Amino acid sequence: AYEIILENHPGAYNELDPTFRDVTTSALENALILANRVQDISGYEYTLEAFTAKFRDGHVGAYLMRGSQTEDRQYEWPGFVMAWRSHQGIVHSALDEQADLVNAEVISCDNRPIREVVLPNAFRFGGNPSVPGDWIESSPEVFIDGGNPFINRPEQCTFLLPNGVQDERKLQWASISEPELVERYLLMTDGPAESPSLEIFGESRYWIS
């Protein structure tokens, strides 16, 4: 991936982007450090993600081509998914036994503000924290464990429930199927597929979502 980027990416030849080659070298050095700790296919995938994350460019990616010789990635979750709204982590949906968490704010986990949990656990492997929209896409990964060996997943979190009460809970991680996870993720990032909208504002201005 390092060689392909240097040989083919225009950034390597762009005089207006003199740091591109340095970023590429830094990405390689970081990935090699992680590679020494890889024990399975998930570690390999997250190493690739960490490599491309250094570019902070959603158009740069390196992905594992899964075939008959590779296992599907296994996922675990704590029974709820978090959405990012107005600079806050909000529980978007949850299992029935944790239904009281829906719409609760995730204040902190393991004595760290949720924002400080998102930065190393999510943005270290993709997205750009300076882009507001990337918080919507990336921050939910804090509560989605795909076997990343380079993070400490949250074990205990404090929630501000819709009724105004703070509640500290120990998370119970359990397996979740990929189809269910994808469905919940798409609902919290994109909304229901059958709900397009058109808003008119100003003169001849339209917002389609």
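## Labels and their cut-offs

Q: Why is Ile200 called exposed?
A: Its relative accessible area is 61%. Exposed means over 50%, buried means under 20%, and partly exposed lies in between (1.4 Å probe, protein chains only). Ile200 is therefore exposed. The residue lies in strand E9.

Q: What kind of model is this, and what are its limits?
A: It is a predicted model: local features need pLDDT of at least 70, side-chain atom pairs count only at pLDDT 80 or more, and totals for chains, interfaces and linings use all residues. Residues are numbered from 1 along each chain as its sequence is written, and side-chain values use heavy atoms, with hydrogens and water left out.

Q: How many helices and strands does the protein have?
A: It has six helices and ten strands. Both are DSSP runs, numbered from the N terminus: helices (H or I) need at least four residues, strands (E) at least two. The C-alpha trace spans about 55 × 55 × 35 Å along its principal axes. Of the 209 residues, 38% are buried.

Q: What makes Leu198, Ile200, Tyr206 and Ile208 a nonpolar patch?
A: Patch residues have over 30% relative accessible area and no salt bridge; nonpolar side chains (Val, Leu, Ile, Met, Phe, Trp, Tyr) are joined within 5 Å, like charges within 9 Å. These four form such a patch on the surface, with about 490 Å² of accessible area together. Strand E9 (198-200) and strand E10 (206-208) each give two or more residues to the patch.

Q: How far apart are the C-alpha atoms of Pro149 and Leu198?
A: They are separated by 43 Å. Along the chain the two are 49 residues apart. Pro149 lies in the loop between H5 and E6. At 36% relative accessibility, Pro149 counts as partly exposed.

Q: Which residues gather in a patch of positive charge?
A: Arg37, Lys54, Arg56 and Arg124 do, on the surface. Lys and Arg count as positive and Asp and Glu as negative; His and the chain ends are not counted. Arg37 sits in the loop between helix H2 (20-35) and helix H3 (41-53). Its 44% relative accessibility makes Arg37 partly exposed.

Q: Why is the pair of Phe123 and Trp135 called edge-to-face?
A: Rings of Phe, Tyr and Trp (its six-membered ring) pair if their centres lie within 6.5 Å; planes under 30 degrees apart count as stacked, over 60 as edge-to-face and the rest as tilted. Here the centres are 4.9 Å apart and the planes stand at 65 degrees, so the pair is edge-to-face. Phe123 lies in the loop between helix H4 (114-121) and helix H5 (132-138), and Trp135 in helix H5, so the pair ties together parts twelve residues apart in sequence.

Q: How do you know whether Phe123 is buried or exposed?
A: Its relative accessible area is 1%, so Phe123 is buried. Trp135 has 3% and is buried as well.

Q: How many aromatic pairs does a search of the whole structure find?
A: Eight. Ring pairs also link Phe20, Phe51 and Phe55 into a cluster.

Q: What makes the contact of Glu76 and Arg153 a salt bridge?
A: A salt bridge is a side-chain nitrogen of Lys or Arg within 4 Å of a carboxyl oxygen of Asp or Glu. The pair meets at 2.7 Å, N to O, so the label holds. Glu76 is in strand E1 (residues 75-77) and Arg153 in the loop between H5 and strand E6 (156-160), 77 residues apart.

Q: What does the salt bridge of Arg169 and Asp100 tie together?
A: Their closest N and O atoms are 2.3 Å apart. Arg169 lies in strand E7 (residues 166-170) and Asp100 in the loop between strand E3 (88-94) and strand E4 (105-109), so the pair ties together parts 69 residues apart in sequence. The structure holds six salt bridges.

Technical notes. Accessible areas come from the Shrake-Rupley method with a 1.4 Å probe; for residues, only the protein chains shown count as cover. The place of a charge is taken as NZ of Lys, CZ of Arg, CG of Asp or CD of Glu.
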